[in-house]
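Please keep the sequence and the structure in view while reading.

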Amino acid sequence: MVFKKWRHTRPFMGAILTVLSGLMILWVPLNLYLSTFLPGSVAVIGLLFGGLITLMGLMSFFLPSASKALGIIVIFLSILSVIGALGGFLFGTIFGIIGGSLLTAWRVVPATQVKAPETDITEQAVKTG
């Protein structure tokens, strides 16, 4: 029950999709590790963008109030990841755009206010008079 309550106070699905997207984007340059660190290789950009997207997804779990800014950055980095990592074979880009959109659309739900019990005017008249 505690996990369910914690999950509803955070952009859970957006963060999960963002972390998954970052890992997919990281997968391509990590499998090309022999050519990733050669001079002139753009695969280093894929490592950078994939790592940043994964970090943004993890940050949205712990900083839910910053999810709007994190979501915008995730969408931007997901589109740019096509340059350095083929966007995780484009699945990482698609999941990043969806996850970033969910992070951007999520909002903090205010706590429900306790409503004062309504009393009838005739009850008040009887008590006072």
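Leu58 lies in helix α4; here helices (H or I, at least four residues) and strands (E, at least two) are DSSP runs, numbered from the N terminus. With a relative accessibility of 40%, Leu58 is classed as partly exposed, a class that lies between buried, under 20% relative accessible area, and exposed, over 50% (1.4 Å probe, protein chains only). Along the sequence Leu58 and Ile16 are 42 residues apart, while their C-alpha atoms are 8.4 Å apart in space.

The model is a predicted one, in which local features need pLDDT of at least 70 and side-chain atom pairs count only at pLDDT 80 or more, whereas totals for chains, interfaces and linings use all residues. Residues are numbered from 1 along each chain as its sequence is written, and side-chain values use heavy atoms, with hydrogens and water left out.

The protein chain has a mean pLDDT of 85, and 84% of its residues reach 70 or more. Confidence is highest in helix α6 (residues 91-105), at a mean of 95, and lowest in helix α7 (residues 121-128), at 60. Where pLDDT is low, the predicted coordinates should not be read in detail.

The protein chain contains 7 helices and 0 strands, and its pattern along the sequence is α-α-α-α-α-α-α. Of its 129 residues, 35% are buried.

Arg10 belongs to the loop between α1 (2-7) and α2, and its C-alpha atom is separated by 8.8 Å from that of Arg107, 97 residues apart along the chain. Neighbours within four places in sequence aside, Arg10 is in contact with Ser60, Phe61, Pro64 and Trp106.

Which residues form the largest nonpolar core? Such a core is a set of buried Ala, Val, Leu, Ile, Met, Phe, Trp, Tyr and Cys residues joined through side-chain atoms within 4.5 Å. The largest one has 10 residues, namely Ile25, Val28, Phe49, Ile53, Met56, Leu70, Val74, Leu77, Ala85 and Leu103. Two or more residues come from each of α2 (12-31), α4 (43-62) and α5 (67-89), and α5 gives the most, with 4 residues. In soluble globular proteins, nonpolar side chains tend to be buried together. Ala85, one of the core residues, is in contact with Ile25, Val28, Pro29 and Gly46, leaving aside its neighbours within four places in sequence.

Helix α5 also holds Ser78. Ser78 has a relative accessible area of 0% and therefore counts as buried. Beyond its neighbours within four places in sequence, Ser78 is in contact with Ser21, Ile53, Thr93, Gly96 and Ile97.

The residues of the contact between α5 and α6 divide into 10 nonpolar, 12 polar and 1 charged. In this division Ala, Val, Leu, Ile, Met, Phe, Trp, Tyr, Cys and Pro count as nonpolar, Asp, Glu, Lys and Arg as charged, and the others, Gly among them, as polar.

Two leucines complete the picture. Leu86, found in helix α5, has a positive phi near 55° although the residue is not a glycine. Leu90 stands in the loop between α5 and α6, and its phi is also positive, at about 70°. Because its relative accessibility is 47%, Leu90 counts as partly exposed.

Note on methods:
Contact means heavy atoms within 4.5 Å. pLDDT is the predictor's confidence in each residue, from 0 to 100.
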